[in-house]
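I opened the notebook to record what I looked up, one entry at a time. The sequence and the structure come before the entries.

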Amino acid sequence: MEHPENSAEYAGLQVNSGVEQQSIINPYLQRGRFRRRELSVSEMVEGIRRGDVTILSQAVTLIESVNPDHQQKAQEVINRCLPYSGNSIRVGISGVPGAGKSTSIDEFGIHVLREHGGKLAVLAIDPSSERSKGSILGDKTRMEKLAQHPASFIRPSPSAGSLGGVARKTRETIILCEAAGFDKIFVETVGVGQSETACHSMVDFFLLIQVAGTGDELQGIKRGIMEISDGIVINKCDGDNVDRCQMAATNFRNALHFFPMPESGWQPKVLCYSGFYGLGIKEIWDMIYQYIDFVRHNGYFDYRRNEQAKYWMYESINEHLKNSFYNNKTIQARLAAAEQAVLAGQKTSFVAAQDLLDIYFNSLRP
């Protein structure tokens, strides 16, 4: 562009054209230069068996993926790793929101790694938004000590609307972690509820964390959650809160007497501790190891593992049947019409559902 100031009538005045605007794209950047090479199933299994946490993370991502190709590859990896699993202590940890689950896991993990050695994997389930379907996945920020420990592996996963906040793929992730040499596994759930039995169905010891002084003593005494708990611990037992924690522990012990003896024959214990100050952590781990020794001696440990495997077989069948139903082309074509019939009052919900099921089963016939 010519500047009028450079014309002859403006003697002694000259305007330079300036510097050409550079591209914002680095010309030396090669497209696809940083693309990670996709590993084969054999390479992935070998890396997991070697304890490579990077490859382990990639395998867990495949498990959580909804891509059919990823799911097929993930199942092949799981089947190859299955013979090397089952050699860990699985601990499920639940509690009311704000009870200090993440902080307590940090203290529990550091203590067991320091006193007993081995490797620890933490599978933290983070609640997903019902609107955006997204998760913050920020539990790792409250596990500062474990996050820096070389023998720990922390994997936050979205709940993705699954029952009780326990991701459906958590059990498969446990298999991979065990194959990678992790002999202690924590499964942290979203919160307390009747549906926490999903977590109970994949762990050896279910630990319930409660707090005192918040009016939750009676609220926490729920038959469902109390019956599946193998141990109850009262957090934040420090400072002026010690007496309230001891009183809450007494209330829980009295409540446990009204429940029948658990199938394992183990009477659940109630302990107090402080996750923030690291007090009473040793006693909790002593309780966990006493329980493991107790159920291994009477045979309940193997019985529970077998029942869990059978439970998840039926859960997998239910999940595949559900996916097959909604992915059926005939059902997809009729689903909107059935929904409109229900909204218009022409059919009840149960009749519309039965009609769709009849259509589905007829479509499967040759």
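How many helices and strands does the protein have? I counted 14 helices and seven strands. I note at the start that this is a predicted model.

**Entry: the whole chain**

I looked up burial for the protein and found that buried residues make up 42% of its 366 residues. I then turned to contacts between residues at least 6 apart in sequence. Of these, 74% join residues at least 24 apart.

**Entry: strand 1**

I asked how many residues of strand 1 are buried. Strand 1 covers residues 89–95, and seven of the seven are buried, so this strand is largely enclosed by the rest of the structure. I checked which way its residues point: Ile89, Val91, Ile93 and Gly95 go one way, while Arg90, Gly92 and Ser94 go the other. The charged Arg90 is on the list of buried residues too.

Next I looked up the partners of strand 1. Strand 4, residues 184–188, pairs with strand 1 in the parallel sense over five bridges. In that pairing I found Ile89 opposite Lys184 and Ile93 opposite Glu188. Strand 5, residues 205–211, also runs parallel to strand 1 and is joined to it by five bridges. Here Val91 has Phe205 as its bridge partner.

**Entry: strand 4**

Is strand 4 enclosed or open? Five of the five residues of strand 4 are buried, so I wrote it down as largely enclosed by the rest of the structure. Lys184, Phe186 and Glu188 point one way from strand 4, and Ile185 and Val187 point the other way.

I found Gly231 in strand 6, which spans residues 231–235. Gly231 has 0% relative accessibility and therefore counts as buried. Which residues does Gly231 contact, leaving aside its neighbours within four places in sequence? I listed Phe205, Phe206, Leu207, Leu208, Pro268, Lys269 and Met287. Phe205 is 26 residues away from Gly231 along the chain, and their C-alpha atoms are separated by 7.9 Å.

Lys236 sits in the loop between strand 6 and helix 10 (242–256). Lys236 counts as partly exposed because its relative accessibility is 38%, and the limits for that class are 20% and 50%. I also noted that Lys236 has a positive phi of about 65 degrees, although it is not a glycine.

**Entry: helix 4 and helix 11**

At what angle do the axes of helix 4 and helix 11 cross? Helix 4 is residues 101–116 and helix 11 is residues 281–298; their axes come within 10 Å and cross at roughly 70 degrees. The two helices are therefore roughly perpendicular to each other. From helix 4, the contact uses Glu107, Phe108, His111, Val112 and His116, and from helix 11 it uses Ile281, Lys282, Ile284, Trp285 and Tyr289. I sorted the residues of this contact into six nonpolar, two polar and two charged.

**Entry: nonpolar cores**

In soluble globular proteins, nonpolar side chains tend to be buried together. I looked up which members of the largest nonpolar core touch the most other members. They are Ile48, Leu176, Met226 and Ile234, in a core of 49 residues. Another core lies apart from it and has 34 residues, among them Ile154, Leu207, Ile284 and Ile288. I had already met Ile284 in the contact of helix 4 with helix 11, and Leu207 among the contacts of Gly231.

Conventions
Residues are numbered from 1 along each chain as its sequence is written. This is a predicted model: local features need pLDDT of at least 70, side-chain atom pairs count only at pLDDT 80 or more; totals for chains, interfaces and linings use all residues. Side-chain values use heavy atoms; hydrogens and water are left out. Axes are lines fitted to C-alpha atoms, for helices over the stretch in contact, and angles run from 0 to 180 degrees between N-to-C directions. Helices (H or I, at least four residues) and strands (E, at least two) are DSSP runs, numbered from the N terminus. Angles under 35 degrees count as roughly parallel, over 145 as roughly antiparallel, 65 to 115 as roughly perpendicular and the rest as oblique. Contact means heavy atoms within 4.5 Å. Buried means under 20% relative accessible area, exposed over 50%, partly exposed in between (1.4 Å probe, protein chains only). Two strands pair if DSSP finds at least two bridges between them. A nonpolar core is a set of buried Ala, Val, Leu, Ile, Met, Phe, Trp, Tyr and Cys residues joined through side-chain atoms within 4.5 Å.
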